[in-house]
Structures are given as C-alpha cells and as structure tokens.
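Here is a quick tour of a protein model for someone meeting it for the very first time. Have a look at it below before reading on.

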Amino acid sequence: MNLEERFALTFDDVVAAAQRLRGVAHRTAVVTSRTLDARTGAAAFLKCENLQRMGAFKFRGAYNRLAQLAERERRAGVVAFSSGNHAQGVALAAQILGIPAAIVMPRDAPATKVAATRDYGAEIVFYEREHTNRAEIAAALARERGATLVPPFDDPAIIAGQGTAALELLEDVPDLDVLLVPAGGGGLLAGCALAASGLRPGLALYGVEPAAGDDFAQSFALGERVEIPVPKTIADGQQTTSPGELTFPIVKNLCAGILTVNDDDLRGAMRFAFERLKLVIEPSGGAALAALLAAKLDARGRRVGVVLSGGNVDPAGYAAILAERAPA
C-alpha cells in the first residue's frame, strides 16, 4: 500500500484544493532577504501568508471546506471554534459564499481578531479557555442548529486547503532543501507535507512550535499523540493541547522533525520581519522564521523555505514587542 493511502487525503486533494482556490485566495508573495541569508548562512525564501486574505493561511482551508458544502448544508450554516485566524477564515469564506456562520471564540482572544471576525458577518459565541472545552461547545451548537461543524485543522478539506501554501511555494521555488512550517494542530504542517510529498519528495520538512506548548514535539518523539495543558505562550494561534487525529499520522510519516522556539525567539522574529523585511507577522506566524534566526537547525548552505503563516496581531501588543530590546 502506498504510504499516502493510509492517510485521510493525498497530494491529489491538495491539487484539487488549489483549483477551487484559484482566483479566490491570493497567491502570496515569496520574499527574500540578503540580510537574512547573511545572518543564517542559508538562502531563505519566505512564503508570506500574512498577506493572504484575512491575514493568514487559514482562509485557504476554510474556503476549500465551505465551497464543498451541498446547498442544503449551506442554508443550515456552519459553526467553527478558534482563537482567531480560523474564525476569520471561516467568517470570510462564509461571507463570500453566502453561508451563515457562528464562531466559538475564547473570551481572551485578541480584540483585533474578534473585531475582524464580527466584521465578516459571523456571530460570535464566547467561552472561557481555561475551564471549558471549545470543541464540545461548538459541536453542541452545531447539533442544536443542524449546522455543519468546521474544525480548525482536523478535517481533510481543511488540511488540503492549507497545503496549497506549500504547493505554491514549491512551484515558485522548486529546488528547496528544507521547509519550515509553524505547527499548531497540524493542519498547515500536514497539508504542506502532502504538497512536498508530491512536488519535492526529498525535502526535509520541519514543524515549529512554542517550547511551552510542545505537544507535537513530544508526540513526534513518542510516536503517538500526547496531550498537554493549555500552554502559556504569546503565540495564541499555537495554544493547542494535542496534534490532530488526522494530521499527526501525516506529520509523523512525512516530516523530518519538530523544532521548538521560545517566546523571546518569536519576539525577535517579529522585530526582524518589521525592521528588515517591512512585514507584520503575529507570534504564531513567525515561528518558522524564529527557528531559522535562532539556528534551531543547521541551515548553512541550504535553500530554506519559511512559511510566515499570519499577520493578525494586536496593535498594542505588537508595538510593545517592537519597542523591546533584544536580550543581551
């Protein structure tokens, strides 16, 4: 049996998602920097999903999922749960497709992400992150309304949609040696792994997550899914507690490993992106860049792809990070 046949989806699903997204999602820029290359010894190519519609890669998976709903399902609406970017992705995709959407969000979600989600026309249902299970709340709401539940990462259409980011990057820069991808629940990482398996099988692909929330790293080392408490990190989009049931087998079999970065690394990546690249990235969105800058792997002499997964950051918090001095 072909390895891909064990998974919930294949490279062909990523290609099909790219067809659905053509003319709807942005084909985001790939940026290079001589300063970054000099600092790391690599030839780096940054896939700017912070410039995607609604400011993150999440739009890709959300639109791919909602575009495949039957007319009856569209009328009944969708329910999603998210700390911000998936919320905005589903809300925008639903707005484009004329589908009612309700989003379950933590009460401490960044205000800018809440406001944007509401501006896209979605209803917001708040929950307390520390004391309640967002997936259970969303599932109950979906049952009550007869709506379709759209999970943030553990869904074949979501994974396939997210993988189109790497598909585009590898079409634009086909001879990469390494690809660094932020890891939360694993939708983006698994989708990128499937894309790479079809276009660049020899590529070394690494997921990157906060050291405080190393559920993927622990799971990868053990060979099975590990669950951890809600992590304390500035990377709100990576405050997951366990890899997805669908995403983990793909990552375990197709990725080279998982790297971790601390919050200071993330802050440094955000400052570097602003000062040197003139790009705004959020903490989660800068995880892969942080790994490269902090030399979490030996990138010298290698062609390295870096996914900047999002740029939806609270202005006040962002200003504070830019004003900080880097640790001595």
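## About the model

This is a predicted model, where local features need pLDDT of at least 70 and side-chain atom pairs count only at pLDDT 80 or more, while totals for chains, interfaces and linings use all residues. Residues are numbered from 1 along each chain as its sequence is written, and side-chain values use heavy atoms, with hydrogens and water left out.

## The nonpolar cores

A nonpolar core here is a set of buried Ala, Val, Leu, Ile, Met, Phe, Trp, Tyr and Cys residues joined through side-chain atoms within 4.5 Å. Buried means under 20% relative accessible area, exposed means over 50%, and partly exposed is in between (1.4 Å probe, protein chains only). The largest such core holds 38 residues, and Leu-179, Val-181, Leu-189 and Leu-205 have the most contacts inside it. Two or more of its residues come from each of α1 (11-21), α8 (156-172), β7 (178-182), α9 (187-199), α10 (215-222) and α11 (247-254). Helix α9 gives the largest share, eight residues. These labels follow DSSP runs, with helices (H or I) of at least four residues and strands (E) of at least two, numbered from the N terminus.

Which residues does Leu-179 touch? Leaving aside residues up to four places away in sequence, its contacts include Ala-166, Cys-192, Tyr-206 and Val-307. Contact means heavy atoms within 4.5 Å.

Strands β4 (residues 101-106) and β5 (residues 123-127) run parallel, joined by five bridges; strands count as paired if DSSP finds at least two bridges between them. Met-105 sits opposite Phe-126 in β5. Together with helix α6 (residues 111-119), β4 and β5 make a right-handed β-α-β unit. Right-handed means that, with the strands pointing away from the viewer, the path from the first strand over the helix to the second runs clockwise.

## Helix α7

The buried residues of α7 are Ala-138, Ala-139, Leu-141 and Ala-142. They lie on the same side of α7, because they cover an arc of only 165 degrees around the axis, taken from the directions from the helix axis to the C-beta atoms. Glu-136, Arg-143 and Glu-144 are exposed on the other side of α7. The buried residues pack against β3 (78-81), β4, β5 and β6 (148-150).

## Arg-72

Arg-72 belongs to helix α4 (residues 71-76). Is Arg-72 buried or exposed? Arg-72 is exposed, with a relative accessible area of 57%.
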